[in-house]
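Thanks for coming. I will go through one protein today, starting with the overall counts and then moving to single residues. Please look at the model while I talk.

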Amino acid sequence: MSGVSRKGSGRPGYYYRLLGRTRLQRQRSRSRSRTRPANSKDSPPERTGRRRSMPGSAPDKAPPTMEPTAAATPFRVTGFLSRRLKGSIKRTKSQPKLDRNSSFKHILPGFRPVDNDRSHLMPRLKESRSHESLLSPSSAVEALDLSMEEEVFIKPVHSSILGQDYCFEVITSTGSKCFSCRSAAERDKWMENLRRAVHPNKDNSRRVENTLRLWVIEAKDLPAKKKYFCELCLDDALYARTTCKLKADNVFWGEHFEFTNLPAVQNITVHVYRDSDKKKKKDKNNYVGLVNIPVETVTNRQLVEKWYPVSTPNPGKGKTAGPMIRIKARYQSMNILPMELYKEFAEYTTNNYMLLCSILEPAISVKNKEEIACALVHILQSTGKAKDFLTDLMMSEVDRCGENEHLIFRENTLGTKAIEEYLKLVGQKYLQDALGEFIKALYESDENCEVDPSKCASNDLPEHQSNLKMCCELAFCKIINSYW
């Protein structure tokens with residue numbers, strides 16, 4: 001990729017070629033939606049090699065697999081943003097979803113070796129391509145032979161484990177199998193169908209559901225100029241990894257993990273590693289230490305955030321403070337009653353939500369308002385009354401503020417918390433589809449976009465400003481492309 005820039009523009013040459021390709025793709029997307037005669041002279045000439053076909057459309061090509069290749073390009077390299085991030089906006093809405101996923105594989109995080117048992121049980125992923133099978137899970141159940149199993153555990157697999165999004169794992173007494181889907185919605189549909197096939201009476205029986213929300217925020221007192229990552233284990237089973245981050249003042253990850261439908265868990269363990277130097281063949285991942293968190297210490301209605309000391313294999317002598325890592329977590333074990341027992345409560349909530357809010361509003365804390373607003377939005381969304389609920393709540397907010405217009409929607413009320421939750425509920429999928437890959441690539445890149453003069457050298461400021469401007473323009477391109 002050439003780095004030559006136009007005169008006087010200050011932007012690299014690929015930037016203009018990138019925008020040019022984006023416009024051309026939009027024109028092609030429009031032209032494909034119109035009906036044209038087969039031999040029309042006005043239709044643009046066919047260009048080969050510009051777009052990739054759907055896997056499976058050409059019989060002479062092997063379908064993509066999840067096995068890593070030796071020629072794979074390293075993901076974390078200096079200048080990644082300027083050379084690779086542009087690739088995330090080359091796809092238009094006219095491309096099939098599966099093709100979009102496969103075309104982005106070259107910048108997905110590479111595989112990290114996992115323990116021998118896990119790699120033996122999950123040698124590769126099988127891609128799901130049948131829409132009919134989502135409507136009737138019998139074929140999947142038959143292929144997995146779940147009928148004779150007494151206990152089947154079905155869980156999502158975090159993308160950091162396999163280097164692929166939207167995977168789930170089926171664990172039986174004979175072993176484990178992983179499957180890859182094309183979207184989060186498809187994965188959730190598969191998992192729900194399989195769970196219902198295994199437990200047909202699920203909604204009419206009492207059960208326990210365990211969930212964990214955890215943030216790996218930052219670490220301190222680690223050796224500088226090294227990159228570090230963490231592995232998150234629940235009762236010694238690997239569930240996720242963080243990205244690699246360079247140690248500056250502190251190592252900052254700020255990464256959120258959420259796990260649902262967990263088995264009963266006793267301990268949460270976060271292992272800290274120093275990343276290997278790929279230029280040094282003998283350099284391997286160096287184990288730094290671990291943090292062990294008993295589940296009962298984070299079983300709470302509120303999130304528990306604190307600094308935890310890292311237990312190292314060779315603790316230093318003297319008074320020197322060892323490494324510490326800041327983690328925020330909450331583990332919940334909820335008893336779910338049969339669905340029939342919630343019917344009366346759902347009807348009362350649907351018909352009396354304003355009375356409930358008026359009584360609860362002055363009596364509960366901000367944290368509780370957030371939790372109750374979230375629950376009300378999800379209940380009323382399921383009964384078809386979420387829009388009416390939000391409209392009534394907002395008009396009540398306006399009436400309450402009266403002439404103090406500057407306070408409308410600026411306080412921590414059930415109304416503002418409900419709006420926030422509803423926006424997440426209806427807008428999260430769009431944000432993931434439109435900006436998910438871009439944000440992931442930006443987060444993984446080594447480009448510096450710091451433009452605060454007090455936090456960077458004056459001679460680096462112009463370059464950082466240029467990086468930030470380019471990122472913003474690429475983000476807007478992604479948003480615009482999402483509508484075409």
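Helices (H or I, at least four residues) and strands (E, at least two) are DSSP runs, numbered from the N terminus. Counted that way, this protein has 14 helices and 13 strands.

Now the ground rules. This is a predicted model, where local features need pLDDT of at least 70, side-chain atom pairs count only at pLDDT 80 or more, and totals for chains, interfaces and linings use all residues. Residues are numbered from 1 along each chain as its sequence is written, and side-chain values use heavy atoms, with hydrogens and water left out.

Some totals next. A residue is buried under 20% relative accessible area, exposed over 50%, and partly exposed in between, using a 1.4 Å probe and protein chains only. Of the 484 residues in the protein, 39% are buried. The protein exposes about 29200 Å², and carbon and sulfur atoms supply 53% of that. Those areas come from the Shrake-Rupley method with a 1.4 Å probe, and for residues only the protein chains shown count as cover. As for contacts, meaning heavy atoms within 4.5 Å, take those with a separation of 6 or more: residues 24 or more positions apart account for 66% of them.

On to the aromatic rings. A pair of aromatic rings is described by the distance of the centres and the angle of the planes. Rings of Phe, Tyr and Trp (its six-membered ring) pair if their centres lie within 6.5 Å; planes under 30 degrees apart count as stacked, over 60 as edge-to-face, and the rest as tilted. How many aromatic pairs does the structure hold? There are 8 aromatic pairs. One of them is Phe257 with Phe259, a stacked pair at 6.5 Å centre to centre with 5° between the planes. Phe257 and Phe259 are both buried.

Another pair, Tyr430 with Tyr483, is tilted, with 6.1 Å between centres and 50° between the planes. Tyr430 lies in helix 13 (residues 414-444) and Tyr483 in the segment after helix 14 (461-481), so this pair ties together parts that are 53 residues apart in sequence. Is Tyr483 buried or exposed? Tyr483 counts as exposed, because its relative accessibility is 63%, while Tyr430, at 32%, is partly exposed. There is also an aromatic cluster, formed by Phe168, Phe179 and Trp190.

Two lysines sit over tryptophan rings. The rule is that NZ of Lys or CZ of Arg is within 6 Å of the ring centre and within 35 degrees of the ring normal. The charged end of Lys220 is over the ring of Trp307, 4.4 Å from its centre. For Lys328 the ring is that of Trp215, and the distance to the centre is 4.7 Å.

Next, Asn210, which is in strand 5 (residues 207-220). Asn210 is buried, because its relative accessibility is 6%. Its side chain makes a polar contact with the side chain of Tyr331, at 3.5 Å. A polar contact is a pair of N or O atoms within 3.5 Å; within protein, one must be able to donate a hydrogen and the other to accept it, and residues adjacent in sequence count only if both atoms are side-chain atoms. Leaving out residues up to four places away in sequence, Asn210 touches several others, among them Phe259, Pro263 and Tyr331.

What about cysteines? A disulfide is a covalent bond between the sulfur atoms of two cysteines. The cut-off here is a pair of cysteine sulfur atoms within 2.5 Å, and the whole structure has 0 disulfides. Cys178 is in none, and the nearest cysteine sulfur, that of Cys167, is 6.6 Å away. Cys230 is in none either; the nearest cysteine sulfur there belongs to Cys244, 9.6 Å away. Cys178 is buried at 5% relative accessibility, and Cys230 is buried at 1%.

Last, the backbone. Most residues other than glycine have a negative phi, and most peptide bonds are trans. Tyr166 has a positive phi of about 60° although it is not a glycine, and it lies in the loop between helix 7 (159-162) and strand 3 (167-172). Asp235 also has a positive phi, near 50°. Asp235 is in the loop between strand 6 (227-234) and strand 7 (237-241), and it counts as partly exposed at 33% relative accessibility.
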